[in-house]
Amino acid sequence: MKQIVLEHVTKSFTTKALGTVVAVDDFNLEIEKGECFSFLGPSGCGKTTTLRMIAGFEDLTKGSIYLGDKLVSDRDKNIYVPPEKRDLGMVFQAFAVWPHLNVFDNVAFPLKVKKLPKREIVEKVTQALKYCNLSGLEKEYPSNLSGGQQQRIALARSIVVNPDVLLLDEPLSNLDPHLRESMRFEIKRLQKQFGFTIIFVTHDQAEAMALSDRILVMDMGRIQQIGTPQELYRHPVNRFVHSFLGQSNFTNVIIKEGRVYPTGDENNAIYEDSLLPDSKAKVMATRPNSIELSKESGFPSTIVKRTFKTDFAEYLVKAGDETLLVQTPHRNIFNSGDRCFLRINNPAWYEPEDQKEKGERERRNTM
Ligand code: ADP
Ligand code: MG
């Protein structure tokens, strides 16, 4: 069953400073009931705006939004259901908790707004605090608690109304890495328990990969790709998605008669594929863990630098004017300055980066 449907959802802003920005450009999207769905993209790409439109804090410039089978936003039909009637739970990065209210009152707030009887409020808040591991802290004020506990208060407050949908806008980005990981786990656990549909907004790919059933990758207000974490990592549809999920090398190459030369070395082909069309400027994209280093055969190269990581060895290697990052198991030990040979597996091919696009991405970055 579909829980959230966006049809041609568009939002533009016009300001003196930036002129007109199409923050969200023709989004078509269906999120299933019980799905954990992430919006992933750099700052300024339109994640928060999309979420705010779903929540009802922002009107649309064009399009319509359905929650369940209910039409909640439609510009043409003049339909606009206010946020408090949308039955959503929300956690935002900023203003997560009210400092002047203790833990109990923070979590009770949405129930008091709904004017539930006191007994019911106590019951529901006690449950929500228990689920979020906050029992016993009812009388504490947020400022006496850790960042993780504060974020759990916000989480408890969002689930206390028993919503169908949880909207989480970068809820973990103010936490240190260790806490983040345990909060991710908490969110997953709550989702399993209650079967919420979750939209999780993040600019952190690792977080999106760890939490999501599906991810929407967006850039400059446009949907780039929607898929499972694996699909996006293995089969990115363009350079942006390739660069945003996992590490990548983008190597400038020249292709002649099926042979691929890194710029600066037209004597040694780094890759061969007779089906590749000739090109004077192409980009070969590779994952650092799909390049093999050997002592015997392949593209002749030199180790520029070696770094030991916990689970693998990392090398910078030379190919013509280009430098590539390579990650290998620890058993292949090379030293800086060593000669070596490279073998490339599963490259992807892209056009050189559009500088105009890069500038526009910078302009939209709000951080
Ligand atoms: P993200 O959450 O992905 O960082 P946002 O949705 O906040 O991105 O912003 C997308 C774009 O819309 C940015 O270029 C931002 O400057 C612009 N924008 C967002 N809200 C407003 C607003 N209220 N007025 C003008 N421009 C806005
Ligand atoms: Mg945002």
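**Overall look**

I began with burial and noted that, of the 367 residues of the protein, 48% count as buried, where buried means under 20% relative accessible area, exposed over 50% and partly exposed in between, with a 1.4 Å probe and protein chains only. I kept in mind that this is a predicted model, in which local features need pLDDT of at least 70 and side-chain atom pairs count only at pLDDT 80 or more, while totals for chains, interfaces and linings use all residues. Residues are numbered from 1 along each chain as its sequence is written, chains are lettered from A and ligands numbered from 1 in the order in which they are written, and side-chain values use heavy atoms, with hydrogens and water left out.

I found nine helices and 21 strands in the protein; these are DSSP runs numbered from the N terminus, helices being H or I with at least four residues and strands E with at least two. The C-alpha atoms fill a box of roughly 80 × 50 × 40 Å, taken along the principal axes. I read the accessible surface as about 18600 Å², of which 50% belongs to carbon and sulfur atoms, the areas coming from the Shrake-Rupley method with a 1.4 Å probe and, for residues, only the protein chains shown counting as cover. Among the contacts with a separation of 6 or more, residues 24 or more positions apart account for 65%, contact meaning heavy atoms within 4.5 Å.

**The cores**

I then looked up the largest nonpolar core, which has 34 residues, and those with the most contacts inside it are Val107, Val125, Leu155, Ile187 and Ile198. Such a core is a set of buried Ala, Val, Leu, Ile, Met, Phe, Trp, Tyr and Cys residues joined through side-chain atoms within 4.5 Å.

**Helix H2**

I followed H2 from its N-terminal end, which Asn102 caps with a side-chain oxygen 3.1 Å from the backbone nitrogen of Phe104. The buried residues of H2 are Val103, Phe104, Asn106, Val107, Ala108 and Leu111, and these pack against H3 and H4. Val113 is also found in H2, but I noted that Val113 is exposed, with a relative accessible area of 52%. Together with Trp98 and Phe109, Val113 forms a nonpolar patch on the surface with about 260 Å² of accessible area; patches are made of residues with over 30% relative accessible area and no salt bridge, like charges being joined within 9 Å and nonpolar side chains (Val, Leu, Ile, Met, Phe, Trp, Tyr) within 5 Å. Just after H2, Lys115 takes a positive phi of about 60 degrees.

**Salt bridges**

I counted as a salt bridge a side-chain nitrogen of Lys or Arg within 4 Å of a carboxyl oxygen of Asp or Glu, and by this rule the count comes to 20. Asp204 and Arg180 meet in one of them, at 2.7 Å from N to O. This pair links distant parts of the chain, with Asp204 in the loop between E9 and helix H6 (205–211) and Arg180 in helix H5, 24 residues apart. Asp204 is buried at 17% relative accessible area, and Arg180 is buried at 15%.

I also looked up Glu360, which pairs with Arg364 at 2.6 Å between the closest N and O atoms; both lie in helix H9, four residues apart, about one turn of the helix. Glu360 counts as partly exposed at 23% relative accessibility, whereas Arg364 counts as buried at 13%. Asp219, Arg239, Glu353 and Arg361 are linked in a network of salt bridges.

**Ser294**

My last entry concerns Ser294, which lies in strand E16 (residues 291–294) and is buried, with a relative accessible area of 13%. Leaving aside neighbours within four places in sequence, Ser294 is in contact with Phe334, Cys340, Phe341 and Arg343.

Technical notes: A polar contact is a pair of N or O atoms within 3.5 Å; within protein, one must be able to donate a hydrogen and the other to accept it, and residues adjacent in sequence count only if both atoms are side-chain atoms.
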